[in-house]
Amino acid sequence: MSSEVAARCDAKKLVRSPSGLRMVPEHRAFGSPFGLEEPQWVPDKECPRCMQCDAKFDFLTRKHHCRRCGKCFCDKCCGQKVALPRMCFVDPVRQCAACALVSRKEAEFFDKQLRVLLSGATFLVSFGNSEKSETMVCRLSSNQRYLLLDGASHHEIEVTHILAVQVLTEGFPAGDKDTHTYTSLLGSPPASEGGAARATGMSLQYSTPGAEGVAQLKLTAGEDAHGSRRQATAWLAAMHKAAKLLHESRDQ
């Protein structure tokens, strides 16, 4: 990708919506795959009462819309202003209690784990059924749309084309692996008895435009050298969280 095309993909603009100011990509096609669309607000005429506590709206009890779910609440039930980076809001926005809780939990990904993915980590990478592996740096592109793998060769995988993720761990009985796919509920990474389990790698299945079938690659964290093993483990944990968010975005 040329620098001119890359700059165009990363270009953003400030827009004002009924919910607040948003910094969004100039071209919709270049938006983050982890993003969420703004919800349609429940029409005022359809919500004479708070959808949480059932308080009747009047001159003193005003109605407010949650910026994340679009439902209608009183100020008591929708008075929190919380950051919502998945919708590209510049400032914290009004959210109901349930949505505010979810947004706060997601904050760790955008504040910490996304930076880990962008920084990248070193893995032994094998493609398909090949037993041959190559040392490569795997990182998320700046626009969050591609996994970039750089070593003796270069590969790009569009994040939205990833079909399944299998997190490989050690510290479990043989055959007991932590498997996650986008077609099932993605939970937290498991912990073995005594907390001995740790992620050692990841298997990705993905589709390739113009090609039939499903491609696969395997990432394996190497031995610890100058903290590279620790960085790789952190990258795998961040990718696990990214998989959950991508799954939620697809289900929106």
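View 1. At 13% relative accessibility, Arg-145 counts as buried (under 20% relative accessible area; exposed is over 50%, partly exposed in between, with a 1.4 Å probe and protein chains only). Glu-158, at 21%, is partly exposed. The two form a salt bridge, their closest N and O atoms being 3.4 Å apart (the rule asks for a side-chain nitrogen of Lys or Arg within 4 Å of a carboxyl oxygen of Asp or Glu). Glu-158 lies in strand S10 (residues 154–158) and Arg-145 in the loop between S8 and S9, so the pair ties together parts that are 13 residues apart in sequence. Helices (H or I, at least four residues) and strands (E, at least two) are DSSP runs, numbered from the N terminus.

A word on the model: this is a predicted structure, where local features need pLDDT of at least 70 and side-chain atom pairs count only at pLDDT 80 or more, while totals for chains, interfaces and linings use all residues. Residues are numbered from 1 along each chain as its sequence is written, and side-chain values use heavy atoms, leaving out hydrogens and water.

**View 2. Helix H2 and its kink.** H2 (residues 97–119) has 23 residues and reaches 33 Å from its first C-alpha to its last, close to the 33 Å expected at 1.5 Å a residue (1.5 Å times one less than the number of residues). A kink of about 40° is centred on Gln-113, the bend being the angle between axes fitted to the seven residues ending there and the seven starting there. Buried residues of H2 include Glu-106, Phe-109, Phe-110 and Gln-113. Just after the helix, Gly-120 takes a positive phi of about 85°.

**View 3. Salt bridges elsewhere in the model.** The count comes to five salt bridges. Glu-106 is linked with Arg-68 and Arg-86 in a network of them. Arg-94, buried at 16%, meets Asp-75, partly exposed at 44%, with the closest N and O atoms 3.0 Å apart.
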